[in-house]
Amino acid sequence: MPAEPQIDVPRHLFEAYERLAAGPTRPIAGGTDVMVAITGELAPIPERMLDLSRIDALRGIQLEAGSLVLGARTTYTEIRRSALCREHLPVLVEAAATIGAAQIQNRGTLGGNIANASPAGDMLPILLATDAAILVGGQRGEREIPAKDFFIAYRKTALAPDELILHVRFPLPPGREVRFRKVGTRRAQAISKVVMALAWEDFGSTGWQNVRVALGSVAATPIRARKTELILEGARPTPEAADLAAEILVRELNPIDDVRSTADYRRMVSARILHRLLREAGGW
Amino acid sequence: MTAVDIAFEVNGRQTTVHVEPMRRLSDVLRDELGLFGTKVGCEAGDCGACTVRLGGRQVESCLVPAAQANGTTIQTVEGLAARDGVAGDLQAAFLDHGAAQCGICTPGMLMAAETLLAADPNADDAAIRDGIGGVLCRCTGYVKIVEAIAATRDARLVGAATGVGSPVVPVAGAAVGSRIAKVDGLPRVLGTARYGADHRPDDVLAVRAIRSPHARARFEIGDLAPLRSRHPGLVDIITAADVPGQNRYGIYATGKDQPALADGVVRHPGEAILALVADEATLAAIADSDLPITWEPLPPVRGLDDALAAEAPTLHDASPGNVLIRGRLARGDVDAALVASHATATIDVETTFVEHAYIEPEAGVARRVGDRIELTVSTQAPYMDRDEVALILGIPPADVRIIPTACGGGFGGKLDLGVHALIAIAAWRTGRPVQAVWTRPESMAASPKRHPSRIRATAGVDADGRLTAYRFHGDFDTGAYASWGPTVANRVPVHAMGPYGFDAVLATTRAVYTNNPPAGAFRGFGVPQASIAHEALMDDLAAQLQIDALEFRLTNALRAGSTTASGQRLDASAGLPACLEALRPHWQRLRAEAAAHNAGAGGSGVRVRRGVGIGAMWYGIGNTSMSNPSTIEMGVTDDARVVLFCGAVDIGQGASTVLVQIAADALGVPAGVVELVSGDTDRTADAGKSSASRQTFVSGNAARLAAADLRRQILLLAEVADPTTGADAAAITFEEGRIVVTEPGGRTSEIDLAELPLVPVRDVSAACVIAGRGTFDPRTTPLDADGQGVPYQTYAFGAQLADVEVDPELGTVKVRRIVAAHDVGRAINPTQVEGQIHGGIAQGLGFALMEAYVPGRTENLHDYLIPTVGDMPEIECLLIEDPEPSGPYGAKGVGEPALIPTAPAILGAIHDAVGVRITQLPATPDRVRAAILARAGA
Ligand SMILES: Cc1cc2nc3c(=O)[nH]c(=O)nc-3n(C[C@H](O)[C@H](O)[C@H](O)COP(=O)(O)OP(=O)(O)OC[C@H]3O[C@@H](n4cnc5c(N)ncnc54)[C@H](O)[C@@H]3O)c2cc1C
Ligand code: FES
Ligand code: FES
């Protein structure tokens, strides 16, 4: 039970950047991960905290040049209520509704989910499946990191200690479909046993293009199942393709046993979910 | 750390606090502003007890740092009252609907609901469930909570100004059977009830236990002087050597094996070895690694196999082979009867540790008052606590006073000492008040659990479908210390075969020591584990004989006139046949619906399968073959107040209300007249523990006798000619300073209370001028070596149906509906009986599908899952009232019975749906899926 840390509450990004540049500082957005970490004493408690809740530049949901752009401070409740999300990327709404319960949705943020980088972070497979880009910034400038390069190792990201996540950009290519599925033991307040996002573009004659199969809770980071993607690339969602993709996915995944589930179960469920999503897409 | 000024509006008042900016808002509200209505159950976002409204949205205040509250508008439960002490409409609805049992979740529920209704006045029931999905309740099964919120919504939509329900206010003689609100309910919905953590005297010190990281180890404590000099704020350091009295306690006189502080050897992870006493800041600055402790870890005995192995180390010298106790019941020749049977079935069952997960962790405060000690503590058993604390301090029991706080859930877990020992020792030694509030992980590591079990059972049946013989052996992991292990070992053999008649039974049990946390009392004392086996066997045998599973149970059900396996003849109130008959139409309809669903689901789409299962139970009320008396006093004070002095603790189950209802009718006054003094060992007589579903039956009888005694004395004083009771009996009314008695013929007489001398009652502060007293002890006999005798005076019976949906690909199970029929003798308060059934079903569902405590690994409420509102099925309660002649107004009990049939019914329904029998609990998706695969492969 170490002593409590100090906290800064800036209103502007440049102030936040100064703080981060000055030394080890832990941002806090909705606090739904940070405050739990403090209770659990999971990690040494940072001496300095940086409250992001007053920085307006981190908020907002916009359409920009063919992309949907969400501020890092966007809460799940804001996503659930957003007409733009509902229209352009409804899986975000669907996924946000499965996170924790109302209290967590009111406080928890997209940026927090990304920076926390839990393998069970429910939004993360959607970022991978949609080729989202994460805009980060600090005193050294801003840069855009593709989601696929962001999650480096267990709870390790490409974000530097002096950087903040500013926005997430979801490209909206025409003809793309995205699906989301989460499986847990409990029906509310459930931590995922497996979470999956599936995306594809369909232009009729050529079969599925740019197929993405992304999963959470089956590895140390959220991952894409590249071999399975390859099988589906150029295919159509037929029963045969679904059977084959499911079989490849089982072989491709290498999850672990823990208190929440077994490796076998995770592998098997991932395959069944993929199969279902393909069946629903194929309408058979 | 530097504190800063944080300003916000709370409940309409602008407030500034000077606090560290990272302090949790929950702590700021409670400790700085005294708003104790906001509860803390986990500090991890999991329980929702701390939910407040911040900027119009519901948030968990334990996850909000004070800095983020700056400039906001906050509403807490205290802000919902209509005015001081008067419930707002939502609060009144919770009270009227029985939506608050222990009440610890109530403030969070109310704030979630208020926020929801403010944002969406038309919220349908699904939206209500979504809105309260983040608040856990362990008592109610959420049913009445959703009803109360829906009722408030409806009343607001039609513009009703105040309370939505109409409070039930029965006249004299009509309390029993009526749905009066909980007599102690108002403070619970107002948020003013004080629980274990809510008593914080000035000058209070905290005590922090240093706990073992090892399951089994020897340890030495080195020189503590450097620690003292580094932390001058340390007031006391307590080790085993400092325990003033006996450093061994335990439930049974022969089983006092648990130290308050381990003495050189630890036997489970989380066992306390040393206690630090200081202010909170001093304690916070000391890391566990600062302490001079040398550990010598030893190979732990992790479970039954380890403990029973030939080479296993002996954990307690008094129990070589690690068997704490054996239980046995034998009747007839089981082997012969099984051989002669037309068909038999055998099953192996394994269940795991289950955590009580009451939302209120253990908490309390101790004060030394001269040579006495007073504990204000959350408990189910004040008198037992008193005797245990006396033992540990080495003082007479009369010098210990236990004052129970409002109890935020018990379910058996608060029948053992929690914080008691260390706060008592610390206060005794320092002379200062000492508080302890366990964190959630601490509570989950150190408190007792439901016994894991390993059971093998065989049942036989003759060609006509009549049960013949039952053989049962169960091993129960009792953990590091005896606790309630003997109770489990003795209760299970009596109930092992289920509520059915057999010619021959052999049931044996062992409670086995391991290096796990102690397993203790948990709703049902081992009977829920045993019921998994007997109900699976009933299904199996019925299927072998191609007899309907409900009819098979009905044919074999115990009933009035039956003789139990312990040789006891049931003379009355054995209403299982009535329960099964009440379920029959539901059973037939649900089975047909499930079959139609499954037949139609052959084509495309997700092939979810449905199934219906049934579980039946019986449960002896009160302690097994042991005297367990209850004494209750009832008095009239010199200023004409009627007071029930009741040592039975209301842990949310509603004991206080039921006893007031019984006493009111027996005295012949409206229930609203009766004041209650509850639980305080200085002010009430010993009513025994709130356990074994005994308070309605045992204390109910004591309350009835006390009230009848009081009535008799009043009528004597009034010189009434015919002091009988009954519809046309004399009426008693209380007026200022006097009692008026009106006889059926119209003659009235008055008793001037000022003229009467004071009479002694246990509560010396009560100025009673007339007092009645009642004692009741159930009639039982000792059991012989074969378990034959009369273990209980009466039994509760019940049966439930579960209608489930199984996703065979994912192994997930959704319980759609439960229909529950329970013979309660007489429902003294039907709302409360339903509430017990709903809550029992929620716990039974958790036991069946999701709850698994793994020592050292699931010590929080996100890895240890209990059902949320989203997991609950629709529930229909069918109350069967087959009166118990010896019960108060015919009543028995329902607290534990409600939980027992749920899991067997769910497991039976899974079997019906997908053809697999899950025998290792909980039936998590991976197990269900693996079983389905194994069956397909076989
Ligand atoms: C009861 C409960 C249930 C939950 N259920 C789910 C669930 O179902 N699914 C799920 O995915 N998660 C769940 N979570 C986890 C959590 O709510 C989410 O991960 C949430 O999105 C975190 O957001 P936050 O704003 O609260 O993060 P915070 O706690 O504020 O921060 C999390 C981490 O991100 C960093 N950070 C935050 N914002 C930024 C930024 N802009 N730039 C750089 N670093 C930043 C912080 O320093 C910290 O390390 C649950 C948590 C709780 C307590
Ligand atoms: S105490 Fe805040 S969620 Fe449990
Ligand atoms: S009433 Fe909900 S936890 Fe007790």
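Let's start with strands S25 and S26 of chain B: five bridges join S25(B) to S26(B), residues 738-742, and the two run antiparallel. One pair to look for on your screens is B:Ile732, which stands opposite B:Val741 in S26(B). Please keep in mind that this is a predicted model.

Those two strands belong to an open sheet of three in chain B, ordered S25-S26-S27, with antiparallel pairing. Strand S25, residues 731-735, and strand S27, residues 748-752, stand at the edges of this chain B sheet; each has a single partner strand, so one side of each has no neighbour in the sheet. From one strand to the next, the twist averages 20 degrees. As a reminder for anyone new, the strands of a sheet pair through backbone hydrogen bonds, either parallel or antiparallel.

Now, what lies across S25, S26 and S27 of chain B? That would be helix H20 of chain B, residues 695-717, which runs at about 85 degrees to S26(B).

Let's move over to the interface. Here 40 residues of chain A are in contact with 45 residues of chain B. On the chain A side, the elements that each supply at least two residues are strand S1 (6-8), helix H2 (34-40), strand S3 (48-51), helix H6 (102-107) and helix H11 (263-282). By class, the chain A residues touching chain B divide into 20 nonpolar, 13 polar and seven charged.

That brings us to ligand 1. Residues from chains A and B surround ligand 1, so the site is shared between chains. There are 29 residues around the ligand, and A:Ala29, A:Gly30, A:Gly112, A:Ala115 and B:Gly45 come nearest. The elements giving two or more residues to this shell are strand S2 (26-28), H2, H6, helix H7 (110-116) and strand S10 (164-171), which belong to chain A. Which of them gives the most to the shell? It is H7(A), with five residues. The shell as a whole has twelve nonpolar, twelve polar and five charged residues.

Finally, a word on domains. The domain assignment of chain A gives domain 1 (6-51), domain 2 (57-171) and domain 3 (176-282). Why do we say that ligand 1 lies between domain 1 and domain 2 of chain A? Because both of these domains give residues to the shell around the ligand. As for domain 1 and domain 3 of chain A, their centres, taken over C-alpha atoms, are separated by 35 Å.

Thanks, everyone; I'm happy to go back to any of these views.

Note on methods:
Residues are numbered from 1 along each chain as its sequence is written. Chains are lettered from A and ligands numbered from 1 in the order in which they are written. This is a predicted model: local features need pLDDT of at least 70, side-chain atom pairs count only at pLDDT 80 or more; totals for chains, interfaces and linings use all residues. Two strands pair if DSSP finds at least two bridges between them. Helices (H or I, at least four residues) and strands (E, at least two) are DSSP runs, numbered from the N terminus. Axes are lines fitted to C-alpha atoms, for helices over the stretch in contact, and angles run from 0 to 180 degrees between N-to-C directions. Two residues are in contact if their C-beta atoms, placed from the backbone, lie within 7 Å. Ala, Val, Leu, Ile, Met, Phe, Trp, Tyr, Cys and Pro count as nonpolar, Asp, Glu, Lys and Arg as charged, and the others, Gly among them, as polar. A residue is near a molecule or strand if its C-beta atom, placed from the backbone, lies within 6 Å of it. Domain bounds come from an automatic or database domain assignment.
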